[in-house]
Each structure stands twice: as structure tokens, then as C-alpha cells.
Amino acid sequence: MKDFKVWRNILRGTVRITTTLEDGSITKKKVENYIDAEFEKIEEQEKALATLTMALSPDIAQGFREYDSAKALWEALIEVYEGNDDMKKSIHDMLHKKFHLFNHVLGETLETQFQRFITLTTEMSTAGISVPRSEINKKLLNSLPKSWDMNVSIIKKTKDLNRLTLVETMAVIKACDLDDK
């Protein structure tokens, strides 16, 4: 079940329950004067904070105990785990480099190579890096061992690498591998 009230509380931040005095000034309302709707707002805030806190492993949560609102905790988690703009740029650069340097490792099975490549392309996608299908397919094909050169040439000439998904390209490679055996 999805609880959108919790998510709204995380995004909105802490709601202060206030009252307007006779002189027009605004002050914090005493808890004993809350109405049911105000209690519900406070309960929703507490639920949002508890939901985030419980989602963290105990050793990670330990480092974030100082945060007393769901919004503050959420922003701290984003800062630590997604990083600032410089960190994001460094991650993008590192992933681009890993992609361009990706190659077959001597003694590695086709399946292991596929898993490494899928992991890399998933990391790139998660980081917001979009690479055209044709470039992804060509990179995978070009990273195969030298013994695959003839098969790679045939695949490149007979398949539309702009339209094939990565999964379809891997299926074509596996079919070639089975044919060769």
C-alpha cells in the first residue's frame, strides 16, 4: 500500500500548529488546545519520520539521529547518498569512462560479461546518463573476445542495432554461441 500523505509530509516539511492572538500576533498553539485535524497533521508528520527512519538499517540510522523532521532527514539522505553537483559530475565521468573502457576479461564467461555490462548500463541509467541503443549494442558487440570477430561482423550487418534492445542483442549473441558449439 502506498501512503501519499506520508510522502507529502516528507516533501512539505514540518507543519507548525499556530494560533492568532487577540493582538494579531501568531504564536505556537498549546497541545491541549489542538483540534482533531491538528492532531492528525502531527501524527502524519511523526509517521513520515518513523517510516523513513525504519527504512534505514540501524547502522545507517545511527548517523542520522539528529534529524527530527522527515523533510530534514530526507534532504540529508539525498545529500549523503546522491551527493552534490560535483559528486554527481564525478560519478557521470567515472561511468562514462567505465563504459568506454568496458571489455572482455580473459577467462570470463559470456554470462558473466553480460552481467557486468547490464550492471554498468543500469548504473548509467540510474545516474541519468542516456546512451543510444545502437551505441550500447555496438559497445557490447565490440567488447566480445577476438574469437567473436566473424560473428560480430555478421550481427552488425544483419541486425538493426538502433532498434534492438540490449536483451535482444544478448539473445542474438547467445544464439550465435549455441550455433558455434
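This is a predicted model: local features need pLDDT of at least 70, side-chain atom pairs count only at pLDDT 80 or more; totals for chains, interfaces and linings use all residues.
**Exercise 1. Where in the protein chain is confidence lowest, and where is it highest?**

Solution. Now go helix by helix. Confidence is lowest in helix H1 (residues 4–12), with a mean of 84. The highest value belongs to H7, at 97.

**Exercise 2. Which residues of helix H7 are buried, and what covers them?**

Solution. First, find helix H7 at residues 133–142. Next, pick out its buried residues: Ser134, Ile136, Asn137, Lys139, Leu140 and Leu141. Then look at what sits over them. The cover includes helix H5 (85–101) and helix H6 (110–126), along with helix H8 (149–158) and helix H9 (166–180).

**Exercise 3. Why is the ring pair of Phe99 and Phe117 called tilted?**

Solution. Begin with the search of the whole structure, which turns up six aromatic pairs. For Phe99 and Phe117, the ring centres are 6.1 Å apart and the planes meet at 35°. Planes under 30 degrees apart would count as stacked and over 60 as edge-to-face, so what is left is tilted. That's why this pair, at 35°, gets the label tilted.

Now place the two rings. Phe99 is in helix H5 and Phe117 in helix H6, 18 residues apart, so the pair links distant parts of the chain. Then check burial, where the cut-off is under 20% relative accessible area. Phe99 comes in at 2%, so Phe99 is buried. Phe117 has 0%, so Phe117 is buried too.

One last thing to look up: ring pairs also join Phe64, Tyr67 and Tyr81 into a cluster.

How values were computed: Residues are numbered from 1 along each chain as its sequence is written. Side-chain values use heavy atoms; hydrogens and water are left out. Buried means under 20% relative accessible area, exposed over 50%, partly exposed in between (1.4 Å probe, protein chains only). Helices (H or I, at least four residues) and strands (E, at least two) are DSSP runs, numbered from the N terminus. Contact means heavy atoms within 4.5 Å. pLDDT is the predictor's confidence in each residue, from 0 to 100. Rings of Phe, Tyr and Trp (its six-membered ring) pair if their centres lie within 6.5 Å; planes under 30 degrees apart count as stacked, over 60 as edge-to-face and the rest as tilted.
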